[in-house]
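Hi,

Here is the structure I promised to pass on to you. Have a look at it first, and then read my notes below.

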Amino acid sequence: EVATLVREVGRDLQPFADKRRVRLELQLRGAPVWVAAEREALRQVVSNLVDNAIKYTPEDGAVTVRMVPNGERVEVAVADTGIGLSEVDCERVFERFYRVDRARSRELGGTGLGLSIVKNTVQGLGGEVGVHSRLGHGSTFWVRLPLVATR
């Protein structure tokens with residue numbers, strides 16, 4: 001069940017958001033929705049997106065996680081008020097070992113594999129992944145996964 005998993009990730013990453021003085025908000029409306037996924041794999045996807053959003057959002061910024069059922073799919077979108085990405089970065093950010101800002105990545109930790117893992121995991125679940133961003137105006141990373149009729 002997607003909303004429960006997103007709530008757990010929010011609970012787990014709230015201390016990190018608090019430490020960085022970033023507001024973390026979850027918008028999980030509607031009836032429960034289910035996807036066919038290994039729980040820990042989906043948890044890793046959501047955790048990676050939220051963790052990155054917190055890392056790349058300046059103090060007093062915000063990260064919003066939205067879950068929106070849409071027909072036969074559910075979209076989980078992680079929007080931030082962070083540094084944003086250039087057009088070139090948006091095209092390459094899901095590549096293995098690609099780092100938008102190498103110095104900042106080293107400072108915050110990371111291998112450049114997180115978003116590649118997200119992409120491969122989501123595609124393996126029959127879903128899709130993407131990003132909308134503008135340099136200096138934040139980013140929204142999203143995943144869309146097929147729903148299952150019943151648990």
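In strand S5, Trp142 is the bridge partner of Gly130. That pair belongs to the antiparallel pairing of S4 with S5, which is held by six bridges; two strands are called paired if DSSP finds at least two bridges between them. Helices (H or I, at least four residues) and strands (E, at least two) are DSSP runs, numbered from the N terminus.

Before I go on, a word on the model: it is predicted, local features need pLDDT of at least 70, side-chain atom pairs count only at pLDDT 80 or more, and totals for chains, interfaces and linings use all residues. Residues are numbered from 1 along each chain as its sequence is written, and side-chain values use heavy atoms, with hydrogens and water left out.

Back to Trp142, which sits in strand S5. Is this residue buried or exposed? Its relative accessibility is 10%, so Trp142 counts as buried; the cut-offs are under 20% relative accessible area for buried, over 50% for exposed and partly exposed in between (1.4 Å probe, protein chains only). Setting aside residues up to four places away in sequence, Trp142 touches Glu75, Val76 and Ala77, and also Glu128, Val129, Gly130, Val131 and His132. A contact here means heavy atoms within 4.5 Å. Trp142 and Val65 are 77 residues apart in sequence, with 9.5 Å between their C-alpha atoms.

Now the sheet as a whole. Its five strands form an open sheet with mixed pairing, in the order S1-S2-S3-S5-S4. S1 and S4 stand at the edges with a single partner strand each, so one side of each has no neighbour in the sheet. On average, neighbouring strands are turned by 15° against each other, direction ignored. For angles, axes are lines fitted to C-alpha atoms (for helices over the stretch in contact), and values run from 0 to 180 degrees between N-to-C directions.

At the S1 end, S1 (residues 23-28) and S2 (residues 62-70) run parallel and are joined by six bridges. Gln27 has Arg66 in S2 as its bridge partner.

H1 lies across S1, S2 and S3 and runs at about 175° to S1. Within H1 is Gly10, which is buried at 8% relative accessibility. Apart from neighbours within four places in sequence, Gly10 is in contact with Leu24 and Leu26.

H5 lies across S4 and S5, at about 25° to S5. Its buried residues are Leu115, Ser116, Val118, Thr121 and Val122, and they pack against H2, S4 and S5. Among them, Ser116 has a relative accessible area of 5% and touches Phe94, Glu95 and Arg96, not counting residues up to four places away in sequence. After H5 comes Gly126, with a positive phi near 85°.

What about the core? In soluble globular proteins, nonpolar side chains tend to be buried together. Here the largest nonpolar core has 37 residues, and those with the most contacts inside it are Val2, Leu49, Val50, Met67, Phe141 and Val143. At least two residues of this core come from each of H1 (2-19), S1, H2, S2, S3 (73-80), H5 (114-124), S4 (128-133) and S5 (139-146). A nonpolar core is a set of buried Ala, Val, Leu, Ile, Met, Phe, Trp, Tyr and Cys residues joined through side-chain atoms within 4.5 Å. Beyond its neighbours within four places in sequence, Val143 has contacts that include Val45, Leu49, Val74, Val118 and Val129.

Finally, the overall picture. The protein chain has five helices and five strands, following the pattern α-β-α-β-β-α-α-α-β-β along the sequence. Of its 151 residues, 44% are buried. Among contacts with a separation of 6 or more, 66% are between residues 24 or more positions apart.

Happy browsing, and best wishes
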